[in-house]
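Subject: Structure handover

Hello,

Here is the structure you are taking over. My notes on it follow below.

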Amino acid sequence: MPLDRRDLDRRDLDRRALDRRAFLGLAAALALPLSPGARGATAAAATVAAPLRRTIPGTTEALPVIGMGTSGTFDVGKGSEERAPLADVLSLLLRDASNTVVDTAPSYGNSEAVTGDLIEAATPPHARKRVFLATKISTSHTNAPAQFARSLADLRTDTVDLLQVHNLVDWRENLRWLRQLKEQRKIRYIGITHYRDEAHDQLAQILRSERVDFLQVNYSAGDRNAENELLPLARDRGVAVLINRPFQDGNIFAAVKGRPLPDWAGEIDCNSWGQLFLKFIVSHPAVTCAIPATSKPKNMADNLAAGHGRMPDSRERARIAALLA
Ligand SMILES: NC(=O)c1ccc[n+]([C@@H]2O[C@H](COP(=O)([O-])OP(=O)(O)OC[C@H]3O[C@@H](n4cnc5c(N)ncnc54)[C@H](OP(=O)(O)O)[C@@H]3O)[C@@H](O)[C@H]2O)c1
């Protein structure tokens, strides 16, 4: 589907009209290491300009286009040494915007419990209210209630914003149960997820036949299969889209290793490959939010910067994709 600027809705255009100097200040501050002084600078800078947000179709609720995943990165023990950088990662995310997506799953080892602990302990306080919390059902419908009860306990919350059927496990029955939870106002939105191109046909069939609020799927500058059918379909059906594996689990960086960032990256306010790859994703008009995972504050700051400044148009998106062709 050809993309152009007219595809971006008016609200987004307004938000993109950032003062360029303010954006550059933010980007520079976000790139600083997280010494105590730099943390202050980052917090101050982050109030300068709000990131781009996208509205969940059919609602007035908007999500910042950069959220965070927790697979692998948040699967750590209780030691303060391994948790401290993750607390910084979360703090950066919370300071950049409110209602930011944090995506986890009961099958990600300790990730739900670590996410719950760190949200409860986060600065600024009351972080739970600032997070759009998404988790999944990764088991058959008979075990789903017990699994969800454990998720809520681990996440230290009595509700999540989005509950998704993970990798289409027992999807028919699980979706039926998720709908009941939504009717009972125990969750706010329901969704389905997968992370492999091979599942895209089935995801498309489900989008055509079922009502879901969110689709979570793999898409990146180096893996564009979702563009063919799924993303346009989600847009037509009024389904919000979260993008997983935005860096192909980190492998996308290997494809550009040793190559200098193209000169024109600055024209779309990018000063890293990560920002270029994320802006490619979030400038697709069907995409609501990308959820890159990181264990490093420096990379979180880098990722957040992709939610600010000018976004690529269709010509510039093609240019980014061509770098990986
Ligand atoms: N079926 C599903 O529902 C499903 C499947 C897959 C993923 N997901 C969700 O999607 C999230 C994201 O996918 P993912 O975790 O598979 O992979 P990803 O976000 O594509 O890549 C993560 C990798 O990229 C690195 N990275 C992050 N930011 C970077 C930056 N700015 N510069 C350089 N390297 C950077 C991370 O390393 P560092 O830690 O060193 O930064 C990590 O190795 C998951 O965490 C999960 O929440 C869902």
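Which residues of H12 are buried? They are Pro-297, Met-300, Ala-301, Asp-302, Asn-303, Leu-304 and Ala-305. Since seven of the nine residues of H12 are buried, this helix is largely enclosed by the rest of the structure. Please keep in mind throughout that the model is predicted.

Overall picture

The protein chain contains 13 helices and 10 strands. It has 325 residues, and 45% of them count as buried. Take the contacts between residues at least 6 apart in sequence: 78% of these join residues at least 24 apart.

The ligand

Around the ligand there are 30 residues. The closest are Gly-69, Ser-71, Asn-244, Gly-250 and Gly-274. By class, this shell is made up of seven nonpolar, 18 polar and five charged residues. H12, which runs over residues 297–305, gives the most to the shell, with three residues. The helix that is largely enclosed by the rest of the structure is thus also the one that gives the most to the ligand shell.

Helix H11

H11 covers residues 273–282. It is mostly covered, with 10 of its 10 residues buried. The buried residues are Trp-273, Gly-274, Gln-275, Leu-276, Phe-277, Leu-278, Lys-279, Phe-280, Ile-281 and Val-282. One of them, Gly-274, is also listed with the closest residues to the ligand. The elements that cover the buried residues of H11 include S9, strand S10 (289–290), H12 and helix H13 (314–322).

Two helix pairs

On the H9 side the contact involves His-200, Leu-203, Ala-204 and Leu-207, which meet Leu-230, Leu-233, Ala-234 and Arg-237 of H10. The residues of this contact divide into six nonpolar, one polar and one charged.

The other pair is H4 (residues 80–96) with H5 (residues 111–121). Here too the axes come within 10 Å, and the crossing angle is roughly 65°. The crossing of H4 and H5 is right-handed. From H4, Arg-83, Leu-86, Ala-87 and Leu-90 meet Val-114, Leu-118, Ile-119 and Ala-121 from H5. This contact has seven nonpolar, no polar and one charged residues.

Two residues with positive phi

Most residues other than glycine have a negative phi. Asp-170 has a positive phi, near 45°. This residue sits in the loop between strand S6 (160–165) and helix H8 (171–183). Asp-170 is partly exposed, with 19 other C-beta atoms within 10 Å; the cut-off for buried is 20 or more.

Arg-245 also has a positive phi, in this case near 50°. Its loop lies between strand S9 (240–244) and helix H11. Is Arg-245 buried or exposed? Arg-245 counts as buried because it has 23 C-beta neighbours inside 10 Å.

Regards

Definitions and conventions
Residues are numbered from 1 along each chain as its sequence is written. This is a predicted model: local features need pLDDT of at least 70, side-chain atom pairs count only at pLDDT 80 or more; totals for chains, interfaces and linings use all residues. Helices (H or I, at least four residues) and strands (E, at least two) are DSSP runs, numbered from the N terminus. A residue is buried if 20 or more other C-beta atoms lie within 10 Å of its own, exposed if 12 or fewer, and partly exposed in between; C-beta atoms are placed from the backbone. Two residues are in contact if their C-beta atoms, placed from the backbone, lie within 7 Å. A residue is near a molecule or strand if its C-beta atom, placed from the backbone, lies within 6 Å of it. Ala, Val, Leu, Ile, Met, Phe, Trp, Tyr, Cys and Pro count as nonpolar, Asp, Glu, Lys and Arg as charged, and the others, Gly among them, as polar. Axes are lines fitted to C-alpha atoms, for helices over the stretch in contact, and angles run from 0 to 180 degrees between N-to-C directions. A crossing is left-handed if the near helix is turned anticlockwise from the far one by less than a right angle, and right-handed if clockwise.
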